[in-house]
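Which rings pair up, and how are they placed?

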Amino acid sequence: MAPPLRTTGAIAAALSIAVLSYFLYNKTRSKASTRETHKSLSVKKAKNGLVAAIGNTPLIRINSLSDATGCEILGKAEFLNPGGSVKDRVAVKIIEEALESGALAQGGIITEGSAGSTAISLATVAPAFGCKCHVVIPDDAAIEKSQILEALGAMVERVRPVSITHKDHFVNIARRRAVEANQVALKHGKCNQNESLDVKQINGYISDVEKKGTIFSSDCKGGFFADQFENLANFRAHYEGTGPEIWEQTGGKLDAFIAAAGTGGTVAAVSCFLKEKKENIRCFLIDPPGSGLLNKVTRGVMYTREEAEGRRLKNPFDTITEGIGINRLTENFKLAELDGAFRGTDMEAVEMSRFLLKNDGLFLGSSSAMNCVGAVRVAQAIGPGHTIVTILCDSGMRHLSKFYNAAYLSEHGLVPSAVGLEFLGLG
């Protein structure tokens, strides 16, 4: 019988090479596949520029307030927008609609009168549309807001706070600046053909006289007054964005919504949208000192004759909160569907901001703090077991010189001292 062939070593070597080749091949394929997956994921996650990154902010559970009240208190983290506030949504909508209608020319100037946040948002997003920004801001607004605006490249005018009926109210000056920009553009042949050539009228304003001088250069391509208080693009930004996002993020399982109002766009649009989705969702206003909106909501009367706009000048220290509270009805606020209103105080807002910073790590601005005061008030009114949503409008970063300034607070008797939520009657 022939001796057996000695192939054991050869076979083993061949098998080893085969296994090694298979391993290396699959490892290479795995790496290639991983690279492709990462490439695919990065393409899917990438946003198309700054504007696409605005909105779809997270809805976060405010743990300390939820635990203290027995309700789920959720805050829409609008301070995470690129421009740092809820007003980014409004800025984009106003500019998009103005460009689409031809009221604003490509490369034109957007003017606005703002206590800060809307102006910052306009200055942030305007370059993304190839436009410029001119802002008129009351000089009692936190100085860092002006500094941010200038850093963003906006032209900034700080003016004395006066009644809205005064020709030199910051909103009325901003309105005139848009007229002036259009006059300059017309004079130098820079007007967009789609624009109205009647430069004496813009957004309902009739200019008094032809300006002899101008702050705008000869290459100006015209102006557009954003008019955040009356422009319903404000309402539409929240009706089409903020409201639907809240509904989706809660799965429709919410019982109440509350927010303060400045222009009224947020509280009006979100209340309208949510009530269309679910009639028994209760919507509320939280109103700061010096504002007449609470009386309008609860009593149907905006103010007494003595308090009417034009008969009194706004005291700069009616409230330490900025961007909320008003003594007139705006076109945006008129659309609100509210079930009630609460009055918040400056002391409550200051205490709330410190409480949230200490217990939740939330560094919030004055209007956000006031909204959280409102959320607790709603929880106390409707009882435990409910879901309440509010808006975290902006962070504390643009409120350092006033709302987070110990000396300023001391000067106005607003030094925080609470240990917990006793300032709202909670132990």
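Y239 has 26% relative accessibility and therefore counts as partly exposed. The cut-offs are these: buried is under 20% relative accessible area, exposed is over 50%, and partly exposed lies in between (1.4 Å probe, protein chains only). The ring of Y239 pairs with that of F273: the centres are 5.6 Å apart and the planes stand at 80 degrees, so the pair is edge-to-face. Y239 belongs to helix 8 and F273 to helix 9 (residues 265–277), so this pair ties together parts 34 residues apart in sequence. F273 is buried, at 11% relative accessible area.

The model is predicted: local features need pLDDT of at least 70, side-chain atom pairs count only at pLDDT 80 or more, and totals for chains, interfaces and linings use all residues. Residues are numbered from 1 along each chain as its sequence is written, and side-chain values use heavy atoms, with hydrogens and water left out.

In total there are five aromatic pairs. F235 and Y239 make one that is stacked, with 5.8 Å centre to centre and 15 degrees between the planes. Rings of Phe, Tyr and Trp (its six-membered ring) pair if their centres lie within 6.5 Å; planes under 30 degrees apart count as stacked, over 60 as edge-to-face, the rest as tilted. Both F235 and Y239 sit in helix 8 (residues 233–249), four residues apart, about one turn of the helix. Helices (H or I, at least four residues) are DSSP runs, numbered from the N terminus. F235 counts as buried, at 11% relative accessibility. Ring pairs link F235, Y239 and F273 into a cluster.

Methods. Helix = DSSP H or I, 4+ residues; strand = E, 2+ residues; numbered from the N terminus.
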